[in-house]
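User: I am new to this entry and would like to learn how to read its features one at a time. Could you guide me through them once the structure is on screen?

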Amino acid sequence: MTTPRDSWTQRHPELGTGPVSFEDSISPEFYRLECDAIFKRAWLNVGRVEELPKDGSYFTKEIPPAKASVIVTRGTDGRTRAFHNVCRHRGNKLVWDGTPRDEARGIARQLVCKYHGWRYGLDGGCRYVHQEDQFFDLDKTRLGLVPVHCDTWAGFVFVNLAPTPPQSLREYLGSMVGALESYPFHEMTECYAFRAENRSNWKIFMDAFQEYYHVPPLHTQQLGPGRLQNPEAEFEAAHYQTDGPHRMVTSSSPAKHEIPSKYLYPSEVLFRSGNLGPWDAPDVARDVPGVNPGRADHWAIDNFQIFPNLEILIYERGWYLAYRYWPTSHDTHVFEGYLSFVPARTARERAAREYAAVLFKEYALQDAGTLDGTQMGLEARACAEFPLSDQEILVRHFHKSVGDWVDAYRRERDTRTPDGGAL
Ligand code: FES
Ligand SMILES: [Fe+2]
């Protein structure tokens with residue numbers, strides 16, 4: 001029997017230290033509850049303000065667990081709004097490119113339905129009905145697009161599909177995440193985007209990014225050549241913190257210039273870049289409030305996991321990564337990854353950013369490579385519970401937060417009278 005000394009987990013008695021069930025990642029019934037309890041009620045990040053560069057810009061976002069698609073617009077008044085992407089005439093999906101399942105973006109004065117040609121302004125108002133005099137008592141002023149709650153924080157655009165969200169976006173984000181508001185995300189506009197359709201529950205992939213216990217065995221090459229490359233190396237994160245359903249982990253690393261070059265790959269030295277990003281970092285992100293909240297020495301990365309499905313990783317080297325995970329069924333999801341840098345000024349800087357993006361893809365593929373196996377192993381139901389180490393405290397916290405939201409939803413649903421009121 002072993003117990004870690006000075007454990008992070010034991011500082012959170014509400015999390016317990018016992019083995020954990022992952023039935024929440026394999027049960028179709030739990031998935032249906034999760035869709036209603038979480039994805040139709042939580043604030044969800046759907047994009048960045050840079051995706052709406054001009055008045056008249058718009059983009060659509062598919063939200064499969066809510067069976068919803070939203071249009072986010074920047075109106076001629078400069079305001080950001082969101083609407084259900086549904087035509088008020090006969091319910092056709094209003095905006096799409098290629099096929100109705102594909103997302104779209106562009107600039108327009110009006111949004112035109114492909115079916116019978118009704119048109120809408122970017123403020124959602126219905127502007128034109130084809131052969132309007134053929135309709136009965138039609139009042140265009142009452143046929144605008146159905147609005148969705150929308151707000152922005154630090155340039156991240158969020159929507160909430162609940163009829164009345166119980167908390168504003170800022171209340172929802174809380175103090176730990178909210179403290180990052182002045183971080184210069186808006187300066188990091190050189191973006192590399194990746195998208196993958198994965199065969200696992202969405203939470204299984206999130207779990208892979210909220211603990212670093214797996215790094216030495218799974219990402220052995222990430223440790224560098226020579227003696228550093230040791231699958232039995234002990235890796236420990238420097239700080240963990242939770243705030244409501246949100247959580248974060250800080251990891252530390254010696255600066256690359258402090259590592260003898262024989263422990264670096266020649267390509268890292270050539271590009272002056274690596275898995276922590278370009279070595280020659282712009283000096284934009286030091287001493288920003290909210291960053292490195294545990295004041296770790298050799299701070300390298302803060303990984304903020306914003307409930308339910310957004311992750312923002314802030315790197316000491318002046319760039320950030322954002323991940324979003326969109327469940328599409330109990331055992332499939334879509335993963336989106338965005339690397340954002342201060343725009344390169346020289347070819348050398350551009351090459352360093354591209355090298356970091358390529359490495360990211362390599363290591364993310366190593367993580368994704370385990371997903372099928374974990375999903376299949378869990379679905380065998382050979383084991384009902386699994387032990388989690390102290391380094392996996394955030395996995396514990398995440399599944400508990402999901403369970404708490406589902407339980408709260410179940411309680412509300414079960415105390416509702418048939419006419420919709422509370423008992
Ligand atoms: S469904 Fe859109 S115009 Fe008819
Ligand atoms: Fe990993």
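User: Let me start with accessibility: is L122 buried or exposed?

Analyst: Before the case itself, please keep in mind that this is a predicted model, in which local features need pLDDT of at least 70, side-chain atom pairs count only at pLDDT 80 or more, and totals for chains, interfaces and linings use all residues. Residues are numbered from 1 along each chain as its sequence is written, chains are lettered from A and ligands numbered from 1 in the order in which they are written, and side-chain values use heavy atoms, with hydrogens and water left out. As for the general idea, a residue is called buried under 20% relative accessible area, exposed over 50% and partly exposed in between, using a 1.4 Å probe and protein chains only. L122 has a relative accessible area of 5% and is therefore buried.

User: Where along the chain is L122 placed, and which residues does L122 touch?

Analyst: Elements are DSSP runs numbered from the N terminus, where helices are H or I with at least four residues and strands are E with at least two; in those terms, L122 sits in the loop between β7 (119–121) and β8. Contact means heavy atoms within 4.5 Å, and, leaving aside residues up to four places away in sequence, L122 touches G56, T73, R74, G75, R81, F83, A108, R109 and L111. The C-alpha atoms of L122 and E211, which are 89 residues apart along the chain, are separated by 42 Å.

User: How should I read W319 and its surroundings?

Analyst: W319 belongs to strand β18 (residues 319–329) and, at 2% relative accessibility, counts as buried. Its contacts, again without residues up to four places away in sequence, include Y183, M188, N275, L313 and F341. Between the C-alpha atoms of W319 and T76, 243 residues apart along the chain, the separation is 32 Å. T76 itself is exposed, with a relative accessible area of 72%, and is placed in the loop between β3 (68–74) and β4 (80–84).

User: How do α1 and α8 cross?

Analyst: Two packed helices are described by the angle between their axes and the distance between the axes. Axes are lines fitted to C-alpha atoms, for helices over the stretch in contact, and angles run from 0 to 180 degrees between N-to-C directions. The axes of helix α1 (residues 28–39) and helix α8 (residues 393–414) come within 9 Å and cross at roughly 80°. Angles under 35 degrees count as roughly parallel, over 145 as roughly antiparallel, 65 to 115 as roughly perpendicular and the rest as oblique, and α1 and α8 are therefore roughly perpendicular to each other.

User: Which backbone features deserve a look, starting with the peptide bond from F307 to P308?

Analyst: Most residues other than glycine have a negative phi, and most peptide bonds are trans. The bond from F307 to P308 is cis, with omega near 0°, and P308 is placed in the loop between β16 (299–306) and β17 (310–315). Q131 has a positive phi, near 50°, and is partly exposed, with a relative accessible area of 49%. N292 also has a positive phi near 50°, but N292 counts as buried at 7% relative accessibility.
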